[in-house]
Amino acid sequence: MTKLSFENIFMNLATDLAKRSHCVKAQVGAVLVKDTRIISIGYNGPPAGTHNCDEEWPETGCPRDARGSCSLALHAEENAILYAVKNGANLEGSTLYTTLSPCLPCARLIFSAGIKHVYFTKSYAQYKGLPSDEGVDFLNHFGVKAEKFSVEDSAGWVAISPILKHSNRCNHK
């Protein structure tokens, strides 16, 4: 019997977490780990105590800000990092698994938190129609290894994709 790799387990969990999102545009999940132990989890959505997009605005999603982005939701990486920090976790040297590559603002947060490796399944740039993955480029430039999650059947890895409903995301993580 072949055991699943920890990497596969963590990415599968990120994919399952994405399904908890209330965003009507896209669902993205994230898992923060250190030494094969889960530190924190997150998915895109509004801060606790505010409004869920699918409940208050089921047809259109939440209102847009001046840049055309979701006005309420936090990205999956933000939620995972914020929860970990709020609970006193040390993120230095940790690894992040996310179903969509980080945007540039999230990449800056990832770098500042001391996360050293990021795995993602889908490209944020491709999703948004951008020329490059600025967040991935930023991370790799400053020493955080950011790479697409490999799909290798022989190693027990599974192809996983984030759940995207529309071309315009409520919030990307």
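**Helix packing, loops and cysteines in the predicted model**

The buried residues of helix 3 are covered by elements that include strand 2 (29-34), strand 3 (37-43), strand 4 (95-100) and helix 4. The residues of helix 3 that are buried in this predicted model are Ala76, Glu77, Asn79, Ala80, Ile81 and Ala84. After helix 3 comes Gly88, which has a positive phi near 80°.

The protein chain that holds these elements contains six helices and seven strands. Their order, read from the N terminus, is α-β-β-β-α-α-β-α-β-α-α-β-β. The chain has 173 residues, and 45% of them are buried. Of the contacts between residues at least 6 apart in sequence, 68% link residues at least 24 apart.

Two helix pairs are described next, both involving helix 4. In the pair formed with helix 3, residues 76-86 (helix 3) pack against residues 104-113 (helix 4) at an angle of about 25°, and the two axes are 10 Å apart. Helix 3 is therefore roughly parallel to helix 4, since an angle under 35 degrees is counted in that class. The crossing of helix 3 past helix 4 is left-handed. On the side of helix 3 the contact is made by Glu77, Glu78 and Ile81, and on the side of helix 4 by Cys106, Leu109, Ile110 and Ala113. Sorted by class, this contact of helix 3 with helix 4 comprises five nonpolar residues, two charged residues and no polar residues. Glu77 and Ile81, which take part in this contact, are also among the buried residues of helix 3.

In the second pair, helix 4 lies against helix 6 (residues 134-141); their axes come within 7 Å and cross at roughly 25°. Helix 4 is thus roughly parallel to helix 6. Helix 4 passes helix 6 in a right-handed crossing, whereas the crossing of helix 3 past helix 4 is left-handed. From helix 4, the residues Leu104, Ala107, Arg108, Ile110 and Phe111 meet Glu134, Gly135, Phe138 and Leu139 of helix 6. The classes represented in the contact of helix 4 with helix 6 are six nonpolar, one polar and two charged residues.

The loop between strand 2 and strand 3 contains Asp35 and Thr36. Most residues other than glycine have a negative phi. Asp35, however, has a positive phi near 55°, and Thr36 likewise has a positive phi, of about 60°, without being a glycine. Asp35 has a relative accessible area of 65% and is therefore exposed, the limit for that class being over 50%. Thr36, with a relative accessible area of 36%, is partly exposed.

Another loop, between helix 3 and strand 4, contains Ser94. Ser94 has a relative accessible area of 0% and so is buried. Leaving out residues up to four places away in sequence, Ser94 touches Leu32, Val33, Lys34, Ile39, Gly114, Ile115, Lys116 and His117. Of these, Ile115 is 21 residues from Ser94 along the chain, and the C-alpha atoms of Ser94 and Ile115 are 4.8 Å apart. Leu32, Val33 and Lys34, which are also touched by Ser94, fall within strand 2, and Ile39 falls within strand 3.

Helix 2 (residues 53-56) includes Asp54. Asp54 is partly exposed, its relative accessible area being 31%. Apart from neighbours within four places in sequence, Asp54 is in contact with His22 and Val24. Between Asp54 and Cys23, which are 31 residues apart along the chain, the C-alpha separation is 6.0 Å. Cys23 has a relative accessibility of 3% and therefore counts as buried.

No disulfides are found in a search of the whole structure.

Terms used. Residues are numbered from 1 along each chain as its sequence is written. This is a predicted model: local features need pLDDT of at least 70, side-chain atom pairs count only at pLDDT 80 or more; totals for chains, interfaces and linings use all residues. Side-chain values use heavy atoms; hydrogens and water are left out. Axes are lines fitted to C-alpha atoms, for helices over the stretch in contact, and angles run from 0 to 180 degrees between N-to-C directions. Helices (H or I, at least four residues) and strands (E, at least two) are DSSP runs, numbered from the N terminus. Angles under 35 degrees count as roughly parallel, over 145 as roughly antiparallel, 65 to 115 as roughly perpendicular and the rest as oblique. A crossing is left-handed if the near helix is turned anticlockwise from the far one by less than a right angle, and right-handed if clockwise. Contact means heavy atoms within 4.5 Å. Ala, Val, Leu, Ile, Met, Phe, Trp, Tyr, Cys and Pro count as nonpolar, Asp, Glu, Lys and Arg as charged, and the others, Gly among them, as polar. A disulfide is a pair of cysteine sulfur atoms within 2.5 Å. Buried means under 20% relative accessible area, exposed over 50%, partly exposed in between (1.4 Å probe, protein chains only).
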